[in-house]
Amino acid sequence: MENGEARIRKVCYVVSNELMKVSSQLPSNRNRSLLVHTLVKEFGIFSDRQPGKTELQLLRPIPAELRELSAYHDRDYLEHVLGSNTQKTGQITTNADYGIEEDCPTFPQLPSYVRLVAGASITGARALRDRQTHIAICWDGGRHHARKASASGFCYVADCVLAILALKRPIMLTLGQPALKPRVMYLDLDLHFSDGVSQAFHSVSSGSTMPQVLTLSIHHTAPGFFPVSALSGLPDPASPSFDPFTLSLPLERGASNATFARIWPIVERVKEAFQPDYVVVQCGVDGLAGDPYATWNWALGGEGGLGWCIDNACRWNCGTLLLGGGGYNSPNVARAWTYLTSVALGKPLPLEADIPDHAAFPLYAPSFTLDVPPGNFQDRNTEEYLQRVEDVFAQAISSIHDKSQQTGTRE
């Protein structure tokens, strides 16, 4: 793509009344979608135009068809979750067989939710592939725990995986010439490890071809902390199962702006080594201060803050899909994603801005401002640990460079 500073930045925002209503029924995040989209609208972002600088387009999501969902999900799971499951002779399946229990209970709008959330993220991906936009935003997406044949961790559909699969499809550039195979980098900033996405693209094979997908999850992990996964720890480049294209960067409790500012150059070097055509960023905000998980002490503003990271990612010269994710203090989620929307548009709102007067205004007490500041939580990411992270990722980045030189072409 052309230089990000010289071009008119085109941004698509995926939303509809149907998507907002059905996402607001999600048991783990009731009414969160309504709060988010309402606050974005109340700040005037939908109507704010900057001729010659920014173009904002609202995109209505197209519900995903069974064929599109089947690009990743198991057919039996889809038939069950969409309510079209027909029992085979002598076989009885229950919700528990497909993870529809405990943290993923069923709810009346589930079939519509699966189709609309998947369709919303795919709609954003298609807008990028069609060069309709430089940045696509889908705050109702980012369900990174869903598995191929089961729900998990509040996630019923693997919209992240489906969006990546849509982005990595070959692109015909010239008739008679080999198709371009786009590279897609997935960056996950959620407090929890992106097990569903990372596992979907993980490979222990050292084949001769350059993988089209690289996943990098920055998260917290500890004994008993969800999700439990062999891939969630700091990778070991000496291990036979090491995959430099499935990367994990776990952070200790109390991770702050200072820690994110320290590790961000690693993210930049991974991106430079992989040279993606598209980047999918999962913007889960359960790591922000004030979230009920109370694990990190990350702030919305300032160097190393979430907004700073997203601003950097939006300056990369590749199509960018911003997705939602975790976040269980709903007013703070609305604050964060409203601010990130303004950042994506290249016109960040002042963090000290007052929340506009509207029906949900009382929920933003006691500050009634946009900011999500840090708390008083000690950052346990020591210099020794962060140096170890840098050493491990130096080896991983070297492996990515080596693979790139071996394969060369993207055809």
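User: Is helix α6 (residues 159–167) largely enclosed by the rest of the structure or left open, and how many of its residues are buried?

Analyst: In this predicted model, local features need pLDDT of at least 70 and side-chain atom pairs count only at pLDDT 80 or more, while totals for chains, interfaces and linings use all residues. Residues are numbered from 1 along each chain as its sequence is written, and side-chain values use heavy atoms, with hydrogens and water left out. Helices (H or I, at least four residues) and strands (E, at least two) are DSSP runs numbered from the N terminus, and buried means under 20% relative accessible area, exposed over 50%, partly exposed in between (1.4 Å probe, protein chains only). Helix α6 is largely enclosed because the buried residues, among them Cys160 and Leu167, number eight of the nine.

User: How many disulfides are there?

Analyst: A disulfide is a pair of cysteine sulfur atoms within 2.5 Å. The sulfur of cysteine 138 is too far for a bond, because the closest cysteine sulfur, in cysteine 160, is 9.3 Å away; cysteine 138 also counts as buried, at 0% relative accessibility. By this rule the count of disulfides is zero.

User: Which strands stand at the edges of the sheet?

Analyst: Two strands pair if DSSP finds at least two bridges between them, and eight strands form an open sheet with parallel pairing, in the order β2-β1-β3-β8-β7-β4-β5-β6. Each edge strand has a single partner, so one side of it is left without a neighbour in the sheet; these strands are β2 (54–59) and β6 (246–250).
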